[in-house]
Amino acid sequence: MGRKRVLAVVHTVTYAKRLLEVLSLLAADFRVQVVFTTPPHAFGSEVPRFLAELNSAVIPWEDVRHQSFDLALAAGPQGLAHVRAPLIALPHGANYLKRIVGPPDGPEAGVAGLRRSDIMPDGRELPAALVVPHTDELAALARSCPEALAVTEVVGDPAHDRIAAGLTRRIAYRRALGIDEGQQLVVVASTWGPRSSFGRIEALLPRLIGELPGGPGGAFRTAVLVHPNVWSGHGAWQVRAWLTQFGRYGISVLPPEADWRSVLIAADWIIGDHGSVTLYGTLTPAPILLTGSDDEEINPASPAAALALTAPVLSPAPPLVDQLAYAASEYDRDEYAAIAARITSEPGRFHRNMRRLMYRVLGLGRPAYEPGTELLPLPPPLSTWAGLPSGGAGQEPA
């Protein structure tokens with residue numbers, strides 16, 4: 001029997017996680033064969049190990065241009081001009097948060113992911129479909145690449161839907177993480193770049209150790225979610241070397257392959273920056289304390305910009321416990337829910353919409369069952385990720 005060949009173009013671990021969510025919609029179909037490839041990317045060093053742990057079929061990038069496929073999926077634009085397949089291009093995070101501001105002779109200015117160079121890497125050909133999470137993106141596209149509107153599909157956001165569905169298991173996730181009754185979980189979320197939370201980590205983590213009594217017997221537990229680009233950019237060994245000392249004080253640092261979503265759901269507070277994970281935190285009941293906001297880098301039309309005007313900002317002077325209490329006292333669930341509602345205009349419908357789109361491009365009939373939003377699995381205990389031994393870290397599929 002001839003099978004349709006689907007190529008997953010995996011530039012980074014972040015992209016890989018988003019693509020795996022999409023590929024799960026094809027998993028049980030014997031009419032489809034999925035293969036992976038890894039184009040060169042500045043933050044792609046962790047990808048070969050990630051794919052090896054999946055035991056996936058990988059085609060060398062240099063061989064891809066000599067083959068054709070029935071569908072290609074990608075969450076980033078680099079190298080796609082060499083792929084011979086109908087392409088579905090997806091975002092890799094929450095909404096389109098990052099704005100590129102540069103000199104006239106630098107990279108194309110605009111919203112990352114919605115620039116003409118992102119949508120048409122070769123400058124000539126549109127993808128078969130451009131997936132966006134919200135109808136709000138259509139106005140931005142009309143300005144940046146109006147011809148892309150003809151292939152744009154408002155599909156939704158898989159991480160939004162998995163987190164929203166997982167809120168019903170919050171107590172179970174907390175128990176699995178080993179959070180005792182009466183303990184409070186503080187989640188520190190960082191994107192990548194010099195103005196991220198990680199860019200301030202050497203000032204923030206000592207405060208967490210000194211001001212929040214932690215460890216299994218303390219009043220607080222702390223988990224740090226560091227963007228996979230940080231691990232790739234600095235090297236996994238270096239990040240572990242920097243952070244191991246904090247693990248000895250009970251702070252858990254999730255490795256890049258870990259599933260952060262159940263940990264975010266379990267949080268009592270979120271200390272974060274202008275990245276996607278902090279924005280996804282608006283779905284949860286946790287008050288948010290910002291480490292600062294990069295006004296130049298944030299897309300002013302995005303929900304991240306609204307969050308920057310809503311959540312209080314961490315101050316260097318007052319005690320951290322008092323600032324967390326202030327964030328809780330100022331927290332308005334309806335206000336944060338309004339921000340969360342801007343992540344997607346198709347809440348709960350990503351899997352249905354995305355499967356319909358893929359099968360349409362493949363020219364196949366859809367399987368005769370509803371693709372529901374699966375609940376996130378129970379995470380391992382936080383102690384799994386405390387200490388970060390040099391030989392590795394907790395291994396949980398993303």
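Q: Which helices are included in what covers the buried residues of α6?
A: In this predicted model, helix α6 spans residues 158-166, and seven of its nine residues are buried. The cover over these buried residues includes α1, α7 (170-177), α11 (261-265), α12 (276-280), α15 (333-340) and α16 (350-362).

Q: Which residue caps the N-terminal end of α6?
A: Among the buried residues of α6 are Pro158 and Ala159. The backbone nitrogen of alanine 159 lies 2.9 Å from a side-chain oxygen, and the residue that supplies this oxygen as the cap is aspartate 157.

Q: On which side or sides of α5 do its buried residues lie?
A: In helix α5 (residues 137-144), the buried residues are Glu137, Ala140 and Leu141. They cover an arc of only 100° around the axis, which puts them on the same side of α5. An α-helix has 3.6 residues a turn, so residues three or four places apart point the same way. The buried residues of α5 pack against α4 (116-119), β7 (129-132) and β8 (152-154); their placement around α5 is thus on the same side.

Q: Is threonine 12 buried or exposed?
A: Threonine 12 sits in the loop between β1 (4-9) and α1 (13-23). Beyond its neighbours within four places in sequence, threonine 12 contacts His41, Phe43, Val47 and Asn229. Its relative accessibility is 1%, and because buried means under 20%, threonine 12 counts as buried.

Q: How far from the ring centre of tyrosine 369 does arginine 355 lie?
A: Arginine 355 is placed over the face of tyrosine 369. Its distance from the ring centre is 5.0 Å.

Notes: Residues numbered from 1 in each chain as written. Predicted model: local features only at pLDDT ≥ 70, side-chain atom pairs only at ≥ 80, totals over all residues. Heavy atoms only, no water. Buried < 20%, exposed > 50% of the residue type's maximum accessible area, 1.4 Å probe, protein only. Helix = DSSP H or I, 4+ residues; strand = E, 2+ residues; numbered from the N terminus. Arc of directions from axis to C-beta. Contact = heavy atoms within 4.5 Å. Lys NZ or Arg CZ within 6 Å of the ring centre and 35° of its normal. Polar contact = N/O pair within 3.5 Å; in protein donor to acceptor, adjacent residues only side chain to side chain.
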